[in-house]
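Let us read a model together, taking its sheets and then one of its interfaces. Please keep the structure in view while we talk.

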Amino acid sequence: MMLLETKLLTKIYGGLTAVEAVDFSLRQGLVHALIGPNGAGKSTFVGMVSGRTPATSGEVWFDGQNISAWPAHKRMRLGMAYTFQITAIYARLSLFENIALAQGMRDQDAALDALGRVGLDERLDQLAGDLSYGHQRLLEFAMGVAQSPRLLILDEPTQGLSESEIAGFNTLIRSLAGETTILLIEHNMDVVMSLADEVTVLQQGRVLSSGTPETVSADPLVQDAYLGRETC
Amino acid sequence: MEFGPHLLLATLEGAVGAAVLALTALGLSLVFGVMRVVNVAHGEFYMLGAVVAWFVASAMSAHPAFGFMAAVLIAPAMAGLVAILADRLVLKRLHYDPEATIVATIGILYIMQQTALMTFGPEARPVAPPFNTRIPLPWLEYGENGFNLFYPWGLSTTSYKLFVIAAAAVILVSFALFLSRSRFGLIMRATQLDRETALTFGIPVERVYSLVFGLGAALAAFAAVLIVPIQQAHYLMGADPLLLSFIVVIIGGLGSLRGTVVAALLIGMSDGIISVFFSPTLAKILATLLVALVLVFRPQGLYGKKRA
Amino acid sequence: MSPSARSFLLHLGVIAGLFVLCFTLSDYHQGNLARIMVLATYAIGYNVLFGYTGLLSLGHAMFFAAGMYGLGLAMQYGGMSPVPAFAVGILTAAVLSVVVGVLALRTIGVAFMIVTLMFAQSVFLIILYFGTWTRGDEGFVIPQAARQVLGMDLTDPLIRYLAALLLFSSALLITARMMQVRFGRVLIAVRENEERTQMLGYDVFRHKFLAVLISGSISGAAGAAYGLLFGYVGATFASVQYSIFPLLWVLLGGAGTTIGPLVGAVFMFYLIDYSSGFTNAYMLIAGLALVLLVLFARAGIMGEVRRRWAPWLP
Amino acid sequence: MERGPNQMLPTGRVEMTQKLITSRRSLLKGAAAGGLLTASPLVSRFASAQSSAPIKIGFQQHSTGIGAAYGRWYGRTTDAATKAINDAGGINGRPVEIIAEDDGTDPKRGAEVVEKFANQHGADVAFGTLFSHVVYGSAPAAGEQKIPYFVVSEGHHVASGKLNRYTLQPGITDVKSQVQAMAPYVSENLGKKVTMIFPDFAFGHDHRDFFTAAIAAQGGEVLEHIAIPPTETSFTKYFPKIPRDTEVLYHVMVGPAVLTFVKELGEFFGPSSPEIFGFIDSLEAVDLGSPGLEFLEGTYFWEGNPRYAQPDQTSFDRNFRAAVGVDDNGASVSDPSDVSTYSHMFGCWETLHVIKAGMEAADYQGPQDRQKLIEAVEAMSDMAESDAHPQGPKVFNGKTHQVFGRQYISRVENGKLTRVHSTSVEDTLYPDEVDYTTMAF
């Protein structure tokens, strides 16, 4: 069953068409990667899906409901979670506060459990701002997971992470497989290839190609535009 | 007085008000445009200009014109210096954080007001205008034998008021040229567009901010020097110009200089003309509510760029 | 002991302390403290919006004046007795907060500050415009005879002090409790990072709107109490200076702390009262205080105490 | 805390406008504090009094805010009156000590200051407020603290009955009596068709209501009421509303922008203008020789107290000027450009003398005799022209707590104000609106 579907989703900023009539569908339980060069409209598209950016036209369906007119917070309540491209956590609040706000309840154990999943079970009362950049991104990821969402949207989650942190991230995503559907914007091709069940390539706001990682990377159109020609 | 002459007189008076308001609001808009901070003490720099003008004029015993000439130079310079000092000592340390700047400039407002009370005193003190001859104005009337010219009772203006309008216009035009033609004008516009990029181009943004803050204060002080021969210098005179400048800058669009001048003309003239029809207090209520609603429904004002 | 229990004890301690002071202080300081508690309630109202939700308003005098005139006009022309008139005062401020909230919350940051400033200026001018009833800037006196509640004379210093204490402690306990439940936590979240809060599924607009409503109503209650306890209602209390005072008290006392507003109001009152003895330039001192505060102690007195010694402080 | 604000300015530079006479009072304060009183020559004069502790009078002064210009001259007159009273043996043989507090021309601070006088300073009485919104804000506090509160405000609020039995105004006449007394002279000598220009707040509304009624009683009429908002700074746009057939223009603008108002009035009319009748409030503390006021020549002004010494100047007026340090042009002796608020400040002098007369009539010993003091003042009626009442003879109405006295009309003749008419006290009387004596204390 399709958890998320968009129909002719379009966003026009003044004269520029950032996203043009994108039809997209996301099957429940899969990890779907959205790739494309900078400025292809990935963040704008995800913004429209999450409700952060108002769509110029087109529809967004979630779990069989038309949520095109819903404000962002209602969509989140419906079962979405969103992590920002630029880390957005409560720097001046403690780790516990950050997680408690995500979980909507103040339960120490649940918080420790959520933090444990990303290996952040340091002191709960430490200020989030004092964490290293990598740990802050993991905290944001933990806050997303802590909402036990049906759809987790990750906007370039591995950006700025070290190799070991990326490996840790991959195991995390696999641990969620089946339970949570993941929409992933990613530049790191290794991560995409190893995690994604399906891939969609965007270019100049249009869908260039969609399918399994293998079919997409073999697709000549994609190679010309994005991956570069295979030279043996 | 019949309706026609009354309207002409109200328009002329409105023009004087608009001229001074345009200069004052230009200072506020410049500071906000380039530095993205609101200077709540802007009215006090206006007052400082008037007070310094009085000190200079009363010190020069020669013909008032010399006193006025000196004041036109000294007052804006003094206000600019005080502003630059305030920027260096306070605003820079706050890294121009919008909210902190508002609080800091409120503090500066009280400091300047109280210092003026202690040095200048509580009275309203006049400054002699360089020249002030009364000019009766003719009015055209279509009588039995065609048009004839007559001088309605009370329809007049003074040479100094016309001078104020002209001087303000000259300053506005030269400022526009300065902004568009001169090197520093280019630097200011660059800093306004994008602070980071300006930095990478080697523009000393901190120094530009100080100079812009000083320039904004100087413009307000200059407006005060123009108006002080008509109105007196008083230590509490800064409050009204501040509110009016806010009104003008918002309706004209925060940071848009062209919008500021147009809005100043609009508000200045309407203030004169509205009082012909409505009760003045009602007119002021409408103007203030209009501003709030403009900000609510059209945040970028008339000419401002839509904030991304 | 859990932080919430410790902070509850703190608040009880403050209220008990104020109660004891009622009988130990000299008449002069008792009279001052009664006034300070009413003004501190106004600051508590302001703190809900500025300290906890992070919205800088420069127009709270309109809520204070709305409460004051709501009560004053109800008593003077409606012939109401103090208690219903007090309710009318709070209601007037609440209605004004709804109108201002719906409009002003469409803007952000500097624009919000200017919109509140403009609304407050219009309320001030409206009060002047309807001078025939409001007596404009001259204002009017609520006769001593009318200021009786349940047989108790509110003009008696002791009863006035206890009434002010009742007002202050209810505002303190309400806001303290509010900041412990989820609603208060979300307000802090909105202050810290509005975008992130929105994407955690919280209706940010509704929370900010409720914050304006609560803040306006508490400020209105303080305005009504000031009119009732001190017998004077005037347009001066809608002027810009009375929007800047609560900002000064909250900043000085510690924005985003529960007892900061009281500390700030006491400190500022006695700073001016003491310094007006040897110089009439006390507004210079207030100005300097504002500048130094924002430069070096942005967290204010209780904010610094919390940072250095008592992180659990609410 | 004792008065002495201007001597200890942090900026060190003596305030430009501060010409305080180092009065005996600050010496007294030093002496009392330092226990020198016994050695100083004052002691012999006060030795006979039962308790030689000074009588403390709380002076609520507008040192800052919109009333600061008046506040400064009220302060000087208060110092001069205190010195005169002390030189004449004080009150009941005890020296008078003034405790001044700045209320910033603000109603909230005003109430606090009255409470401070009653509880902190232990003042016997409070006195000195001028601006009506501060009087309204502070009077309830005086009523609750049960401290006699002598206002020097010219407002009609005391006589209107809105305040309490502790608030009195025995030293200055109120606006209703002043305005009412003007109507006969204006309608007989200047004209019957009047246009009124006044500030659009309570003080201006009093003028509008009282004068409109009074001129109608004289058979005149007010053609147009022109109300100008208090914060206005340019006025020419209002003058076209003046009907052409106006015979007399009645104006009473106040506030910092008032000089602009008068100048623009002159510029608007030029050579041909109707008779102009104004209230000196517009030009208090303003030199008539200021640039732009030339057109005032030949126009009329109400004066509470003739600013320029008149040919028939009484010895009382001469002594008053000498005591306060004011020359024959109504300006400070030490700085001719520093013009006084001569039509208002006499109220402080006369109020202090009424307090002295009241305390002596009531044999006032201390706060326990405050009610006796009020009753003693309420019993007063005739106040002869004397050193205590240099402005002129007065009649005090114990029921309404308001004093009535002569009003003066002057005409500007070659740059000076010459008195051309003085009304009788009877012209200024009006029916009582309240009887405070029936109220409980």
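Q: In which sense do β6(A) and strand β7 of chain A pair, and over how many bridges?

A: Strands of a sheet pair through backbone hydrogen bonds, either parallel or antiparallel. Here β6(A) and strand β7 (residues 151–155) of chain A pair in the parallel sense, over 4 bridges, and A:Thr83 has A:Leu154 in β7(A) as its bridge partner. Strands (E, at least two residues) and helices (H or I, at least four) are DSSP runs numbered from the N terminus, and two strands count as paired if DSSP finds at least two bridges between them. This is a predicted model, in which local features need pLDDT of at least 70 and side-chain atom pairs count only at pLDDT 80 or more, while totals for chains, interfaces and linings use all residues. Residues are numbered from 1 along each chain as its sequence is written, with chains lettered from A and ligands numbered from 1 in the order in which they are written.

Q: What is the strand order of the open sheet of 6 strands in chain A, and which strands stand at its edges?

A: The order is β6-β7-β8-β3-β9-β10 (chain A), with mixed pairing. β6 (80–83) and β10 (206–211) of chain A each have a single partner strand, so one side of each is left without a neighbour in the sheet.

Q: Which helix lies across β6 and β7 of chain A, and how is its direction described?

A: Helix α2 (residues 72–79) of chain A lies across these two strands, running at about 115 degrees to β6(A). Axes are lines fitted to C-alpha atoms, for helices over the stretch in contact, and angles run from 0 to 180 degrees between N-to-C directions; residues are in contact if their C-beta atoms, placed from the backbone, lie within 7 Å.

Q: How many residues do chain D and chain B bring to their contact?

A: The size of an interface is often given as the accessible area lost when the parts come together. Counted by residues, the contact takes 36 from chain D and 36 from chain B. On the side of chain D that touches chain B, α8(D) gives the most, with 5 residues.
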